[in-house]
Amino acid sequence: MEIWTIDLCFISPFHTTGNNMGSFIQIARSQDRKGNSIPYIPATHLKGVMRCEAERIMRGSAGISCFITGNPYSTDHEIMVCDEVKAGGYGCPVCSLFGVPNIDGGGGFREGKLRFLDFYPSKGKEEVNILRRSHVMINREFQVKEEHALYSEEAIPSGTIFTGDIIIRTGLTDEEKRVFLASLHTMACYGLGKNRSRGFGALKIGEIKKSDGTVISEV
């Protein structure tokens, strides 16, 4: 087993939706061991975006036919798996890294080699100044503001660094490592969280440190 500790450096404000309090939308928060409320990036969000990017990479480079995250070209976003997965295998590095969900015809649930943990601000909650912004909802059909649709939401300011761990359960092959790192960096290009169309969620990958102290990459 190996643990990679990764820094995500946000170069624009960042928002993941937490509680909705009327017209006020909070960012996602968790609690530390002392009961303090702190912002975080859910592990499921990171894993989902990275898996989508890994599938996109492998479709372009190896011509895989799977759409575990849903086929965007079908009206019902159908989930598609290859014959190897149906037979109980993994097929390609996407499934061996991220696992196989329990879907009809998918050969049953199998864990992948990667386990994602939640990411938290690396400098502690007391040093993160939460932004509050007000917006007006836009009617997408007519491109005009909606009447009586003012709302406010929180955001993490640009410059904030989130740090977290990704556990590698068993050793990676060279191809798996390439896909893992490629999906990590393309996730940064895609962005995280809500409001990406408004410039939110832009980031770059900072330091990546292995559990033995080896630094893989840094800003």
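Visitor: Which strand pairs with β1 over 6 bridges?
Guide: Strand β11, residues 203-210, pairs with β1 over 6 bridges in the antiparallel sense. Strands here are DSSP runs of E with at least two residues, and helices are runs of H or I with at least four, both numbered from the N terminus. Two strands pair if DSSP finds at least two bridges between them.

Visitor: What kind of model is this?
Guide: The model is predicted: local features need pLDDT of at least 70 and side-chain atom pairs pLDDT 80 or more, while totals for chains, interfaces and linings use all residues. Residues are numbered from 1 along each chain as its sequence is written, and side-chain values use heavy atoms, with hydrogens and water left out.

Visitor: Back to the strands. What is the bridge partner of Thr5 in β11?
Guide: Lys209 is the partner of Thr5 there.

Visitor: New topic. How many aromatic pairs are there in the whole structure?
Guide: The search finds 6. Rings of Phe, Tyr and Trp (its six-membered ring) pair if their centres lie within 6.5 Å; planes under 30 degrees apart are stacked, over 60 edge-to-face, and the rest tilted. One of the pairs is Phe10 with Phe162, edge-to-face at 5.7 Å centre to centre and 80 degrees between the planes.

Visitor: Where in the chain do Phe10 and Phe162 sit?
Guide: Phe10 is in β1 (residues 2-10) and Phe162 in β10 (residues 161-168), 152 residues apart.

Visitor: Is Phe10 buried or exposed?
Guide: Phe10 is buried, at 2% relative accessible area; buried means under 20%, exposed over 50%, and partly exposed in between (1.4 Å probe, protein chains only). Phe162 is buried too, at 0%.

Visitor: Why does the pair of Tyr40 and Tyr120 count as stacked?
Guide: Because their planes are at 25 degrees, with the ring centres 6.0 Å apart. Tyr40 is in the loop between β5 and α1, and Tyr120 is in strand β7, 80 residues away. Tyr40 is buried at 18%, while Tyr120 is partly exposed at 26%.

Visitor: Last one. Where is Ser12?
Guide: Ser12 is in the loop between β1 and β2, and is buried at 8%. Beyond its neighbours within four places in sequence, Ser12 is in contact (heavy atoms within 4.5 Å) with residues including Ile156, Pro157 and Phe200. The Ser12 side chain also reaches the backbone nitrogen of Ala202 at 2.9 Å.

Notes. A polar contact is a pair of N or O atoms within 3.5 Å; within protein, one must be able to donate a hydrogen and the other to accept it, and residues adjacent in sequence count only if both atoms are side-chain atoms.
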